[in-house]
Amino acid sequence: MAIWNLGSINADMIYALPHMPTAGETLAATGLEQYLGGKGANMSVAAARAGSHVCHLGAVGPEGAWAVTRLLEYGVDTRHIAQLDVPTGHAVIAVDPTGENQIILFPGANREISEDQIGAALSAASAGDILVMQNETNMQAEAAQMGRDLGLKVAYAAAPFDAAAVQAVLPYLDYLFLNEVEAEQLRDATGKTPEALGVADVIVTLGAKGARHYDTTAGTTHDVAAHSVVPVDTTGAGDTFTGYVLSGLDRGLPMAQALAQANRAAALMVTRKGTADVIPDLKEVQDARF
Ligand code: ATP
């Protein structure tokens with residue numbers, strides 16, 4: 001089985017600044033670090049490190065070859081990543097000495113993926129494979145419909161949250177992932193509780209409180225308590241959680257076990273600084289002592 005991930009690939013450029021710039025100010029940065037980022041790339045790395053065959057569907061610009069190489073090094077199948085004539089998506093992140101940040105996000109190639117590219121990639125998928133998307137690329141609804149038509153299990157992480165984007169894919173979903181705030185925003189937009197969305201499995205992550213799974217077919221809910229850790233950096237915890245749940249399902253685990261593994265992986269992740277580059281592999285997750 002395989003996981004097909006229509007997802008963003010970003011360069012996260014982190015500039016250390018003496019203070020946040022004010023309007024009109026020119027400010028020299030004291031440092032620059034560049035990492036692989038984007039919710040899509042994070043999820044691909046998480047699911048690959050958990051042991052799944054992950055085919056990333058995405059796009060980079062002419063200067064994005066390093067990001068593709070990095071994904072490949074982390075075990076992701078990169079054959080369906082297009083190289084386009086627009087810049088690679090990137091985030092310019094300014095951080096001051098107190099840790100406060102400001103982020104400019106440029107979607108670039110992530111929003112230029114063609115329907116033909118998706119069709120060509122998914123023609124190699126098998127019924128029962130998983131297709132996952134987040135809200136950082138174009139073509140989400142088209143891909144979701146294609147996935148459903150091909151007999152794939154379709155998953156969506158509604159982040160960054162946009163009510164119209166979730167509602168466009170909702171009819172095609174088997175799995176929906178939301179954090180607590182997104183679950184509230186979706187309830188405000190639709191007037192529906194997670195049980196009433198028409199999606200078989202809805203998973204709401206609750207940060208340090210863990211996660212809740214709504215099995216809407218059985219009409220049951222299942223809570224997973226978070227492990228007790230000292231958080232260092234929660235960035236990427238949600239993406240790691242989603243990648244691990246989907247990989248667990250892809251590897252044939254029942255939902256409860258997939259959630260338990262994801263909860264361990266995400267707990268480990270919040271003890272680490274960074275995103276895609278520090279996502280734990282399955283052995284680290286299994287060996288972790290909480
Ligand atoms: P992010 O956007 O920062 O990646 P998110 O808002 O999508 O995260 P959260 O609900 O904050 O997602 O966290 C996802 C999962 O990570 C939780 O369900 C839990 O398993 C784990 N987690 C997050 N924070 C903590 C914490 N402080 N202690 C233990 N586990 C945590």
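Residues are numbered from 1 along each chain as its sequence is written. Because the model is predicted, local features need pLDDT of at least 70 and side-chain atom pairs count only at pLDDT 80 or more, while totals for chains, interfaces and linings use all residues.

Asn10 is found in strand β2 (residues 10–16), where strands (E, at least two residues) and helices (H or I, at least four) are DSSP runs numbered from the N terminus. Asn10 is buried, with 29 other C-beta atoms within 10 Å. Here a residue is buried if 20 or more other C-beta atoms, placed from the backbone, lie within 10 Å of its own, exposed if 12 or fewer, and partly exposed in between.

Lys39, in helix α1 (residues 39–49), is likewise buried, with 27 C-beta neighbours inside 10 Å. Beyond its neighbours within four places in sequence, Lys39 is in contact with residues including Glu136 and Asp239, a contact being two C-beta atoms, placed from the backbone, within 7 Å.

The axes of α1 and α7 (residues 237–250) lie 8 Å apart at an angle of about 45 degrees; axes are lines fitted to C-alpha atoms, for helices over the stretch in contact, and angles run from 0 to 180 degrees between N-to-C directions. The two helices are therefore oblique to each other, as angles under 35 degrees count as roughly parallel, over 145 as roughly antiparallel, 65 to 115 as roughly perpendicular and the rest as oblique. Among the residues making this contact are Lys39, Asn42 and Met43 of α1 and Asp239 and Thr240 of α7.

A further "binding site" annotation in the unreviewed UniProt entry covers Asp233, Thr235, Met269, Arg272 and Gly274. These residues span 42 residues in sequence, yet no two of their C-alpha atoms are more than 9.2 Å apart, so they gather at one spot. Asp233 lies in the loop between β13 (220–224) and α7 and is partly exposed, with 15 other C-beta atoms within 10 Å. Arg272 and Gly274 are among the contacts of Asp233. Thr235 lies in the loop between β13 and α7 and is partly exposed, with 18 C-beta neighbours inside 10 Å.

Notes. UniProt positions renumbered as here; feature names shortened; annotations may be inferred.
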